[in-house]
Amino acid sequence: MSATADLVINNGTVVTADTAAPASIAIKDGKIVAVGAADAMPPARQTFDAKGLHVLPGAIDVHVHFREPGYTHKENWGTGTAAAACGGVTTVFEMPNVNPPTGTPEALKLKHELAAEKAFVDFGIYGLLAEDNINQLDKLVDGGVIGFKCFMGNTFGNLPSPSTGAMLEGFEIIARHGYRISLHAETASIIARREGRLKAAGRVDPLAHLAARPAVVAIEAVSRAAVLAEWTGARIHILHVSSADELRPLRDAKARGVDITAETCPHYLLLDSTDYARVGSVIRVNPPVREAFNKGPLWEALMDGTIDMIATDHAPHLPEEKVKDNMWAADCGFPGVEVQMPIMLTEVNAGRMTISDYVRRSATNPAKCWGLYPHKGVLQPGADADIVMVDLARDGEVDDTKLQSQSKITPWHRRKLKGLPLHTLVRGRFVMKDQVLVAAARGWGRSVHSAQRMQAPAPRHTDTTMAAIVVPPKS
Ligand code: NCD
Ligand code: ZN
């Protein structure tokens, strides 16, 4: 090899979804050009000593809310992606419940501009699938989306959840493109009735939120979404799986051959209903953190592949929007993109999974499910040099006041950590070094939609789609 590399990282333990072994990594023009023994590396303009560190593909968080445009008092593309960079996350997929919602090509274009100007890490942008924008879906594809988001339950931003009829029509259109549709799978009408009754009965305590959204809310929505996906051939992704019982329709659908993937979040794996008293209204999130008996089955599903990946549902709000005496007045969600990796590495240290198990679920599987693999999600020649170096032996503690996010309030405050990300590179450039954000890297992040290579679409029942039936009869 003759060409000079830009950077060689030496002395680390390089981790893939299957292996963890000592190796050096050479980077040129933002891509990995070699992985192997130190003396097999090309000459380099710079070297970096990763002694004692594990070298991982940066995490891909397929579920973040960065609030811009519209709610920039909560977060913006700069602070949200700074949080990602400092959390070892090198690619984020961002959600459409902003103002204006990302449901038209104009709104999508605006978001692309804002993100490109400020992002520290790479990003995909979700288009919205809603009741009233079915005729915009093709145009959103043209404008560059990573996939679509459909809120089956009510959400921040008050986007009305689409009817099953609109969902079917949307799935038919998106199936032709092969893009994945991510679902907030909670059924709005069940929640609305229960919430109304609870409020009428005077319940304002934290656990009233859980009472409004028992697991059947998610079971019904997952099942219905799977039926529509199976019928249309659309690819779907179940966001934030929170309950043991939801796993049954998920497993059934996978067994039937539906192209359905799923994520869970650290708060469903590690918190439970006994935390409501301690944390108070800050724990309010949709779906709710549930009874402790759900956690074991969620871990099992994460390990056996029923749940494909870990995401965060990073949902920033201000402390004054979160801390309320009346649970119904608290905004739903809390930040996660910055703390997911150290929290999960702490579980790796506790023996709940190997470091390779973690990489598969934080980086490799998300890349595969959205057609970004092997550009991303793996450290091998040809891949983007999206790298996080972590110290598995380093102790720490979550400190909400130190978060990059504008939302400095989480249910994790003061949680003990062992295993911290120290350095993050996006396409070969440091965006965090020695746990400090590299301010000059603002604007380095770029959209990944053009690198996306989904498998060929396989739409089904195309003879009965809305597009097929609304043609006038031939005379
Ligand atoms: C999210 C938000 O705040 O945007 N809130 C939440 O409780 N998860 C929306 C969502 O993902 O439902
Ligand atoms: Zn959601």
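# Rings, strands and a zinc ion

Reader: How many aromatic pairs does the count come to?
Author: The model is predicted: local features need pLDDT of at least 70, side-chain atom pairs count only at pLDDT 80 or more, and totals for chains, interfaces and linings use all residues. Residues are numbered from 1 along each chain as its sequence is written, chains are lettered from A and ligands numbered from 1 in the order in which they are written, and side-chain values use heavy atoms, leaving out hydrogens and water. Rings of Phe, Tyr and Trp (its six-membered ring) pair if their centres lie within 6.5 Å; planes under 30 degrees apart count as stacked, over 60 as edge-to-face and the rest as tilted. By this rule the count comes to 6 aromatic pairs.

Reader: What kind of aromatic pair do Phe 66 and Trp 77 form?
Author: The ring centres of Phe 66 and Trp 77 are 5.4 Å apart. Their planes stand at 85 degrees. The pair is edge-to-face.

Reader: How many residues apart in sequence are the parts that the pair of Phe 66 and Trp 77 ties together?
Author: Helices (H or I, at least four residues) and strands (E, at least two) are DSSP runs, numbered from the N terminus. Phe 66 lies in the loop between β6 (59–64) and α1 (77–86), while Trp 77 is in helix α1, so the distance in sequence is 11 residues.

Reader: Is Trp 77 buried or exposed?
Author: Buried means under 20% relative accessible area, exposed over 50%, and partly exposed in between (1.4 Å probe, protein chains only). Phe 66 has 0% relative accessibility and counts as buried. Trp 77 has a relative accessible area of 0%, so Trp 77 is buried.

Reader: Which ring do Phe 66 and Trp 77 have with them in a cluster?
Author: Ring pairs link three residues here. Beside Phe 66 and Trp 77, the cluster holds Phe 123.

Reader: What is the handedness of the crossover from β6 through α1 to β7?
Author: A crossover is right-handed if, with the strands pointing away from the viewer, the path from the first strand over the helix to the second runs clockwise. β6 and β7 pair in the parallel sense over 4 bridges, and Ala 59 has Val 89 in β7 as its bridge partner. The β-α-β crossover from β6 through α1 to β7 is right-handed.

Reader: How many of the residues of strand β7 are buried?
Author: Strand β7 (residues 89–94) also pairs with β8 (residues 122–128) in the parallel sense, over 4 bridges. Phe 93 stands opposite Gly 124 in β8. Strand β7 is largely enclosed by the rest of the structure, because the number of its residues that are buried is 6 of the 6.

Reader: What is the site of the zinc ion (ligand 2) called, given its angles?
Author: Donors are N, O and S atoms within 2.8 Å of the metal (3.2 Å for Na, K and Ca); water is not among the atoms, so sites may look incomplete. Four donors count as tetrahedral if all angles lie between 85 and 135 degrees; four count as square planar and six as octahedral if opposite donors are over 155 degrees apart and all others between 65 and 115; anything else is irregular. His 184 (ND1) and His 240 (NE2) coordinate the zinc ion at 2.1 Å. The angles among its 4 donor atoms run from 51 to 129 degrees, and the site is irregular.

Reader: How many residues apart in sequence are the parts that His 184 and His 240 tie together?
Author: His 184 lies in strand β10 (residues 180–184). His 240 lies in the loop between β11 (235–238) and α8 (247–255), so the parts tied together are apart in sequence by 56 residues.

Reader: What is omega, about, for the bond that joins Glu 68 and Pro 69?
Author: Pro 69 lies in the loop between β6 and α1. The peptide bond joining Glu 68 and Pro 69 is cis, with omega about 5 degrees.

Reader: Is Gln 435 buried, exposed or partly exposed?
Author: Gln 435 lies in the loop between β16 (429–433) and β17 (436–437). Its phi is near 65 degrees, a positive value in a residue other than glycine. With a relative accessible area of 40%, Gln 435 is partly exposed.

Note on methods:
Pairing = 2+ DSSP bridges.
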